[in-house]
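Here is a briefing on one protein model. Please read it alongside the sequence and the coordinates.

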Amino acid sequence: MAAVSRNWQSVKLSEILEVWESFTGWYWFVTEYLCDEPGSLAFGLVRGHEIEWGYFDLDELHALERTHKVWRVAKRNWALCPCVVEE
């Protein structure tokens, strides 16, 4: 499992594998894939009504992406996202 940064409400840029954002301001920071098949279950930091580490379903994010409710953040912009800290 990825090491959690010292401040549990942030994620280190080097730990991030994917970032998702929604039009409502939620963010999902993937730090680990938990299944052999990519796009299934992931672990990471979720910034929504609260900020917490946990598990989430990437298949659900992919389904929402098709309806344009969420999108993947380009890697070049990850450092600009809330909750992301550099080393």
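Tyr27 and Phe29 are both buried, where buried means under 20% relative accessible area, exposed means over 50% and partly exposed is in between (1.4 Å probe, protein chains only). This is a predicted model: local features need pLDDT of at least 70, side-chain atom pairs count only at pLDDT 80 or more, and totals for chains, interfaces and linings use all residues. Residues are numbered from 1 along each chain as its sequence is written, and side-chain values use heavy atoms, with hydrogens and water left out.

**Aromatic rings**

- Tyr27 and Phe29 form a stacked aromatic pair, 5.8 Å centre to centre with 10° between the planes.
- Rings of Phe, Tyr and Trp (its six-membered ring) pair if their centres lie within 6.5 Å; planes under 30 degrees apart count as stacked, over 60 as edge-to-face and the rest as tilted.
- The whole structure contains four aromatic pairs.
- Phe43, Trp53 and Tyr55 make up one aromatic cluster.

**Overall layout**

- The protein chain has one helix and seven strands.
- Helices (H or I, at least four residues) and strands (E, at least two) are DSSP runs, numbered from the N terminus.
- Read from the N terminus, the order of elements is β-β-β-β-β-α-β-β.
- Of the 87 residues in the protein chain, 39% are buried.
- The chain exposes about 5,600 Å², and carbon and sulfur atoms supply 51% of that area.
- Accessible areas come from the Shrake-Rupley method with a 1.4 Å probe; for residues, only the protein chains shown count as cover.
- Take the contacts (heavy atoms within 4.5 Å) between residues at least 6 apart in sequence: 46% of them join residues at least 24 apart.

**Helix α1**

- Helix α1 spans residues 58–66, and its buried residues are Leu58, Leu61 and His62.
- Seen down the axis of α1, these buried residues fall within an arc of 100°, so they line one face of the helix.
- The arc is that of the directions from the helix axis to the C-beta atoms.
- The face of α1 turned away from the buried side carries the exposed residues Glu60 and Arg66.
- Cover for the buried residues of α1 includes β2 (18–22), β3 (27–33), β4 (41–47), β5 (51–57) and β6 (70–72).
- Asp57 caps the N-terminal end of α1, with a side-chain oxygen 2.8 Å from the backbone nitrogen of Asp59.
- Such a polar contact is a pair of N or O atoms within 3.5 Å; within protein, one must be able to donate a hydrogen and the other to accept it, and residues adjacent in sequence count only if both atoms are side-chain atoms.

**Salt bridge**

- The structure holds one salt bridge, defined as a side-chain nitrogen of Lys or Arg within 4 Å of a carboxyl oxygen of Asp or Glu.
- Arg72 and Glu65 form it, with the closest N and O atoms 3.9 Å apart.
- Arg72 is partly exposed at a relative accessible area of 43%.
- Glu65 is partly exposed too, at 26%.

**Positive phi**

- Most residues other than glycine have a negative phi.
- His68 has a positive phi, near 65°.
- His68 sits in the loop between α1 and β6, and is exposed with a relative accessible area of 67%.
- Cys83 also has a positive phi, about 80°, although it is not a glycine.
- Cys83 lies in the loop between β6 and β7 (84–85), and counts as buried at 15% relative accessibility.

- Arg47 is in strand β4 and is partly exposed, with a relative accessible area of 28%.
- Leaving out residues up to four places away in sequence, Arg47 touches Gly25, Trp26, Tyr27, Pro82 and Cys83.
- Arg47 and Trp26 are 21 residues apart in sequence, yet 5.5 Å apart in space, C-alpha to C-alpha.
- Trp8 lies in the segment before β1 (11–12) and is partly exposed at 47% relative accessible area.
- With residues up to four places away in sequence again left out, Trp8 touches Leu45, Ile51, Glu52 and Trp53.
- Trp8 and Trp53 are 45 residues apart along the chain, and their C-alpha atoms are separated by 7.8 Å.
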